[in-house]
Amino acid sequence: MPRSLDPSSRLTMVLACDVDKPRETQPRIFARTLTLNQQRKLMAAMGRMQTASADEKIDAALDAAELCLTGWENMTGQNGEAIQFSRDAIGDVLSMEELAEVFSAVSGAGKASVSEKKESE
């Protein structure tokens, strides 16, 4: 079954800045495996990020994030309260560099691992 159709398939990412944090409190970001058409939309949004004005770049980044991301856990504000996942929260929590890290991980996630390639042979 393609990963994009598997309801249990979810990509889990930890940003480079959070890798050394304790596992039980480590912030994790969840994303979907993108289909070809979703990847096309992601690439279009990323293209807009390179050529647009500052405000348009941010909107394009949020459009791309909304396409890829499905949620997160262990995201807490300075007051220790959990931050609920939403489009607005993405802009309040993640930087452009962190989103680029997420997009890179999502874009590369569709590649089969060595073990998956062996199983399909």
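User: Which residue lies over the face of F30?

Analyst: That's R10, at 3.5 Å from the centre of the F30 ring. Keep in mind that this is a predicted model.

User: OK. And how many aromatic pairs are there?

Analyst: The count comes to one. It is made by W72 and F85, and since their ring planes are at 90°, with the centres 5.1 Å apart, the pair is edge-to-face.

User: Where do W72 and F85 lie?

Analyst: W72 is in strand β3, residues 69-73, while F85 sits in the loop between β3 and α3. The two are 13 residues apart in sequence, so the pair ties those parts together.

User: Switching to R28. Where is R28 found?

Analyst: In strand β2, which covers residues 28-31. R28 is buried, with a relative accessible area of 11%.

User: A buried arginine, then. What does the side chain of R28 make polar contacts with?

Analyst: One partner is the side chain of E73, at 2.6 Å. Another is the backbone oxygen of R23, which lies 3.0 Å from a polar atom of the R28 side chain.

User: What else does R28 touch?

Analyst: Leaving out residues up to four places away in sequence, R28 touches T12, M13, V14, R23, W72, E73 and N74. So W72 from the aromatic pair turns up again as a neighbour of R28.

User: N74 is on that list too. What's the phi of N74?

Analyst: Positive, about 60°, although N74 is not a glycine. Most residues other than glycine have a negative phi. N74 is placed in the loop between β3 and α3, and is partly exposed with a relative accessible area of 30%.

User: What about Q26, where is that?

Analyst: Q26 is in the loop between β1 and β2. Q26 is buried, at a relative accessible area of 8%.

User: Which backbone oxygen does the side chain of Q26 reach?

Analyst: The one of D18, at 3.1 Å. Setting aside neighbours within four places in sequence, Q26 is in contact with V14, D18, V19, K21, E73 and N74. E73 and N74 are also among the residues that R28 touches.

User: Let's step back. How many helices and strands does the protein have?

Analyst: Five helices and three strands. Along the sequence the pattern reads β-β-α-α-β-α-α-α.

User: How much of the protein counts as buried?

Analyst: 29% of the 121 residues. As for contacts between residues at least 6 apart in sequence, 59% of them join residues at least 24 apart.

User: How many residues does the largest nonpolar core have?

Analyst: 26, and the ones with the most contacts inside it are I29, L69, I90, L94, F103 and V106. At least two residues of this core come from each of β1, β2, α1, α2, β3, α3 and α4.

User: Which element gives the most to this core?

Analyst: α2, with seven residues. The buried residues of α2 are A60, A61, L62, A64, A65, L67 and C68. What covers them includes β2, α1, β3, α3 and α4.

Key:
Residues numbered from 1 in each chain as written. Predicted model: local features only at pLDDT ≥ 70, side-chain atom pairs only at ≥ 80, totals over all residues. Heavy atoms only, no water. Phe/Tyr/Trp six-rings, centres within 6.5 Å; stacked < 30°, edge-to-face > 60°. Helix = DSSP H or I, 4+ residues; strand = E, 2+ residues; numbered from the N terminus. Lys NZ or Arg CZ within 6 Å of the ring centre and 35° of its normal. Buried < 20%, exposed > 50% of the residue type's maximum accessible area, 1.4 Å probe, protein only. Polar contact = N/O pair within 3.5 Å; in protein donor to acceptor, adjacent residues only side chain to side chain. Contact = heavy atoms within 4.5 Å. Core = buried A, V, L, I, M, F, W, Y, C linked by side-chain atoms within 4.5 Å.
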